[in-house]
Amino acid sequence: MTSSDIIKQNTPKNIQRRDILKTSGLLFGSLLLGGLPSALEAKPDKIIKPTQQNPLILDSNENSLGMSPKAKEAILEEIPNAFRYLRYDEHTIWMDLIETLGTNFNLKKENIILGNGSSGTIHSTIQALAAKATQAKIPIQLIVPELTFELAQYYAKPLNIPIVKVALDDEMNFDLKKMHQSADNFKGLSIVYICNPNNPTGTITPSTKLDKWIEKAPSNTFFMIDEAYGEFVQDPEFKSATNWIKKGKKNLIVIKTFSKIYALAGLRIGYGIAMKDTIDHINQFAEVDNINSLAAAAALASLKDKVFFQKSFKSNQIARKMLENTLNELKIKYLPSQANFLFYQIKGDLKTYQKRMKDSHILVGREFPPYLNWNRISLGTPDEMEIFTATLKSFRKKGWI
């Protein structure tokens with residue numbers, strides 16, 4: 001799930017192939033990375049030109065490749081059974097998915113909770129911790145960076161959970177020291193939300209820095225580590241926080257999704273990883289039947305499709321490098337992204353920039369206060385980034401960026 005899901009009710013349909021223009025994007029990417037998977041090499045040498053009816057959608061951090069072919073096949077095979085409720089006993093899609101996820105992380109099925117995208121698990125976790133604080137008759141707070149994915153805050157507000165926002169440091173990274181102080185100075189339960197890589201900046205919090213806090217944190221500090229974009233990371237300073245679950249850390253949950261690298265955003269399926277006691281508690285607040293059989297079938301097939309995973313990962317690498325090269329050429333400041341989007345500085349008013357992009361039939365990211373002269377752009381396919389970078393260059397000629 002992306003932040004725009006909160007404020008958008010309708011999303012235009014995916015771009016269809018129609019008007020065309022030449023590109024060398026894939027050739028560039030192939031040379032850069034030493035070759036591409038055959039599925040990417042088979043692309044034509046022409047790309048579409050966006051129109052008003054079919055704009056280039058780069059505002060929601062979706063995966064423009066579309067889902068794995070094996071995921072599509074799994075959905076079609078499951079459709080005849082979709083008239084029945086999803087079952088939760090042995091030898092069902094639900095159980096197979098949980099067991100596969102557990103095995104992939106060298107954990108047990110008891111360490112996994114499924115949810116409606118990552119948002120479902122975030123929601124259930126907030127509710128579970130709020131109930132825990134109420135039962136213990138202690139205050140509760142949510143600590144978040146000033147600039148991050150807002151869904152934890154969105155769910156905390158109706159429960160009257162105070163939200164402590166900690167400004168980013170001078171390099172626009174999380175100020176863990178100040179977040180740590182906010183938790184230590186609080187006489188109650190602190191929920192610490194860490195999106196890693198962060199949305200919308202795309203930057204990572206190095207595991208060595210985060211681990212120092214997690215290791216010594218008392219039980220009344222609970223970490224929600226959102227790794228929705230973790231599969232895209234190349235930086236060796238990032239390590240999944242699931243390592244702490246293997247060490248028996250109970251005051252932590254790692255939240256992941258099939259929306260991003262697996263391109264199942266519209267099917268709404270994600271999961272959380274935690275110790276059994278933590279999962280059992282959060283499960284009490286999870287919606288019954290919070291995933292559907294078609295999503296479960298697609299997710300299970302996606303996990304088994306290693307070729308598609310690599311294709312998705314490499315496509316994102318190429319698209320990111322193409323955009324970085326253009327931004328460097330135009331001397332536009334940007335943050336080093338480890339996700340499937342990039343945060344860059346613009347010239348002038350963001351709303352004007354958005355309108356100009358929309359007039360060019362390109363949808364770009366929304367406002368992220370207080371950084372109103374920055375824009376988040378999703379990394380589409382290399383073909384799509386060829387269009388976007390060409391548009392950026394045309395904006396420069398007009399003095400718009």
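Visitor: By class, what makes up the lining of the largest cavity?

Guide: This is a predicted model. In it, the lining of the largest cavity has eight polar, three nonpolar and one charged residues. Among the lining residues are Glu 62, Leu 65, Phe 232, Leu 379 and Gly 380. Leu and Phe count as nonpolar, Glu counts as charged and Gly counts as polar, so these residues are sorted by that rule.

Visitor: Why is it called a cavity?

Guide: A cavity is a set of points where a 1.4 Å probe fits but cannot get out, so that is what the name records. The search of the whole structure finds three cavities of 30 Å³ or more.

Visitor: Which helix gives the most to the lining of the second largest cavity?

Guide: Helix α9, residues 207–216, does, with three residues. The lining includes Ser 207, Leu 210 and Asp 211, along with others such as Asn 196 and Phe 238. By class, this lining has four nonpolar, three polar and three charged residues.

Visitor: How do you know that the span of helix α13 agrees with its number of residues?

Guide: Helix α13 covers residues 306–329, which is 24 residues. At 1.5 Å a residue it should span 34 Å, and its end C-alpha atoms are 35 Å apart, so the two agree.

Key:
Residues are numbered from 1 along each chain as its sequence is written. This is a predicted model: local features need pLDDT of at least 70, side-chain atom pairs count only at pLDDT 80 or more; totals for chains, interfaces and linings use all residues. Side-chain values use heavy atoms; hydrogens and water are left out. Helices (H or I, at least four residues) and strands (E, at least two) are DSSP runs, numbered from the N terminus. The expected span of a helix is 1.5 Å times one less than its number of residues. On a 1 Å grid over the protein atoms alone, a cavity is a set of points where a 1.4 Å probe fits but cannot get out, and a pocket is an open set with protein on both sides within 12 Å along at least five of seven lines; lining residues have an atom within 4 Å of a point. Grid points are joined across faces, edges and corners, and a volume is the space filled by probe spheres set on the points.
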